[in-house]
Amino acid sequence: MKNLSDAHRYIHSFPRPNGLNTNSWNALKRLAYHAWECHFSQNRFKHNINFLCKEFYFMIKTPEGQFIVPEGSFSYDPSL
């Protein structure tokens, strides 16, 4: 992933999970996009992450599987 356009396409490649409403899904995608903005601009991501939607955790990983935010930001174990 080289830029925000790539990140945008990547984020929008994930299907909305069953049981998650459209507004919540759009909010998660906006937060994932913000994480990528911070990553590319080398700014600190200042949010705590506590979501039970595994797709969100995939959105904030590189295609190679590395998280783009500090794993200390997680209030939930994304490996579960």
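## A tour of the predicted chain

Start with the surface view: the protein chain has an accessible surface of about 5300 Å², and 47% of that belongs to carbon and sulfur atoms. Keep in mind throughout that this is a predicted model.

Next, switch to a cartoon. The protein chain shows three helices and zero strands, in the order α-α-α along the sequence. Its radius of gyration is 12 Å, close to the 12 Å given by the globule rule for 80 residues, so the protein chain is as compact as a globular protein of that length.

Now select the charged side chains. There are 9 positive and 6 negative ones in the protein chain, and the centres of the two sets lie 6 Å apart.

Then go inside. Of the 80 residues, 35% count as buried. Select W25, F45, I49, F56, I60, V69 and F74: these have the most contacts inside the largest nonpolar core, which has 23 residues. Colour α1 (4–11), α2 (22–41) and α3 (54–59); each of them supplies at least two residues of this core. Which helix gives the most to the core? That is α2, with seven residues.

Zoom in on F74. Apart from neighbours within four places in sequence, F74 is in contact with I49, Y57, I60, F67 and V69.

Finally, zoom out to the whole chain and consider its contacts. Among those between residues at least 6 apart in sequence, 58% join residues at least 24 apart.

Conventions:
Residues numbered from 1 in each chain as written. Predicted model: local features only at pLDDT ≥ 70, side-chain atom pairs only at ≥ 80, totals over all residues. Heavy atoms only, no water. Helix = DSSP H or I, 4+ residues; strand = E, 2+ residues; numbered from the N terminus. Rg over C-alpha atoms; globule rule 2.2 N^0.38 Å. Buried < 20%, exposed > 50% of the residue type's maximum accessible area, 1.4 Å probe, protein only. Contact = heavy atoms within 4.5 Å. Areas by Shrake-Rupley, 256 points an atom, 1.4 Å probe, with all protein chains shown as cover. Lys, Arg positive; Asp, Glu negative; His and termini not counted. Charge placed at Lys NZ, Arg CZ, Asp CG, Glu CD. Core = buried A, V, L, I, M, F, W, Y, C linked by side-chain atoms within 4.5 Å.
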